[in-house]
Amino acid sequence: MIRPARRRQPAAVVATLLTTALLLAACGAPPKVQTALEDVGKSDGSATEGAPKGYEDYYGQSLEWTECGDDFQCATAAAPLSWHDPGAGSIEIALKRIPATGQKTGSLLVNPGGPGGSGVDFVADPSRFGQALRSSFDIVGFDPRGVGQSTPVKCYDDAGKDEFLSTDYPYTPEGLAARQDAVRAWGKACDENTGPLLGNVDTQSAARDMDMLRGALGDDELNYLGYSYGTQLGATYAGLFPDRAGRLVLDGALDTTLSSDEVALQQAEGFESALRAYVTDCQAGSDCPLGDDVDAGLKRIQDMVEDAEPNPIPTSSGRDVTKKLAFYGVAVTMYDEASWSFLTQALREVFWEGTGDDLLYLADVYNDRNDDGTFKSNSEEAFRAINCADSRAEEDMTKMRDIAAEIEAAAPTLGESFGYSGIECTDWPYPPAEQEFDPAAKGAPPIVVIGTTNDPATPYRWAEALADTLSTGVLVTYEGEGHTAYGRSNTCVSNAVETYLLEGKAPKDGLTC
């Protein structure tokens, strides 16, 4: 029934948004891009080596960087609408970089996850990256095709999107049918308002954009740091272009061999484990509203979320916290243990005061919603469009019901919200892309894969699996809570990542931090 909190932005982003939001509390049509390549201009052609036939001008384009705030530069690159039809037209890819502060050795492309996370927004906080990285690399964030400031996926207006994200559908035949109708209408609106780009936002196309950006940036190899969904993007790049892969670090890894239904099951188990750790921590402190028994505390959260469907939780704003929104409010705090105290605060308000202002605030952070009902990003639109472009879950209702029951048994607290994934692409206007890359990325240099042992969104077993799938995968384990590790864990992880990116010395496979 509810969009799972899967493949979202790394915890550092969520935690920053969450902290900022709680402290504050105590777009037009898609651009016309047919002439985008001419607007960007051409280089001397030296970067076009290795470009697919018909796409040489994209690789050889000259990027015009302009100042866009202290210590930042921005540019717009042209990319082909279709990597299978060079005559189909162009789209735009938005870029933002932190120029190297010392002797530049090349560019480091970064992606924060999602799908739907903005790399342009992500690099706006240089403190995410070590001083040595910032000295040696131009750190380049980009909004993948369909996302943010690049040519975007557009579906509903803000009011329609708000309703879509907050409406509950009971787990009855009638409720599930209504949910299918809502998703069908959403997909139709996306098609009408986005156009043919909607059929070209798959991860393989985004990975091909990355290789084009590599050429336009003047780099012989791609150096890359990807989080969460960004690990799927990086692994796809390595599988398509193993000979052009440079130093790749994939943090909060996805298992690229899993079906969508397996992803839903294992992620539900990940959130169940993270919630158990949260409840244990809450009950060890003072004023925890969850009693002193862990299982009973988990059940209280489960009951609160489920009861919000027939009895939405009131707030002072007049908006109610529905079951969907209650789930989002709980889920967002699992990305970083530094956010657990905010969930405790929200649960105190619900259980002791009967109101849900703080829980609604958390849900709005998850959905990038502003107080006035507008949205900061198109992350929801891009999330759905890219996932539907990549793969489909089981769509037979009888089989979906069996899978949902398995998920609920494995993750009783929030598992119900991860079921019926097959509905989320009901009558999607375009079929999923056919796989064209080698999952093992044979011929690539070492690829560093990082997993956090109690990561809810990308369970640790996925990092193990991706490192095994990649022929040159090197596994680094961070023993801790939350989603992803670099930039939010310890010096052991930071040293491993930065030594590899700066010196090319991969950590020992199996390093535990």
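The structure is a predicted model, in which local features need pLDDT of at least 70 and side-chain atom pairs count only at pLDDT 80 or more, while totals for chains, interfaces and linings use all residues. Residues are numbered from 1 along each chain as its sequence is written, and side-chain values use heavy atoms, leaving out hydrogens and water.

**View 1. A cis peptide bond at Pro 115.** The peptide bond from Gly 114 to Pro 115 is cis, with omega near 0 degrees. Most residues other than glycine have a negative phi, and most peptide bonds are trans. Helices (H or I, at least four residues) and strands (E, at least two) are DSSP runs, numbered from the N terminus.

**View 2. The open sheet of ten strands.** The strand order is β1-β2-β3-β5-β4-β6-β7-β8-β9-β10, with mixed pairing. The edge strands, β1 (66–67) and β10 (511–512), each pair on one side only. Two strands pair if DSSP finds at least two bridges between them. Strands β8 (residues 447–454) and β9 (residues 473–481) run parallel and are joined by seven bridges. Asn 454 stands opposite Glu 481 in β9.

**View 3. Helix α18 on the sheet.** Helix α18 (residues 491–503) touches β4, β5, β6, β7, β8, β9 and β10; contact means heavy atoms within 4.5 Å. The direction of α18 makes about 165 degrees with that of β7. Axes are lines fitted to C-alpha atoms, for helices over the stretch in contact, and angles run from 0 to 180 degrees between N-to-C directions.

**View 4. Asp 358 in helix α14 (residues 357–367).** Asp 358 is buried, a term for under 20% relative accessible area (1.4 Å probe, protein chains only). Asp 358 has no salt bridge, defined as a side-chain nitrogen of Lys or Arg within 4 Å of a carboxyl oxygen of Asp or Glu. The nearest side chain of opposite charge, Arg 348, is 8.3 Å away. Not counting residues up to four places away in sequence, Asp 358 touches Gln 345, Ala 346 and Glu 349.

**View 5. Positive phi at Ser 228 and at Asp 368.** Ser 228, in the loop between β6 and α9, has a phi near 55 degrees. Ser 228 counts as buried because its relative accessibility is 0%. Asp 368 lies in the loop between α14 and α15 (379–390), with a positive phi of about 60 degrees. Asp 368 is buried, at 8% relative accessible area.

Technical notes. Buried < 20%, exposed > 50% of the residue type's maximum accessible area, 1.4 Å probe, protein only. Lys, Arg positive; Asp, Glu negative; His and termini not counted.
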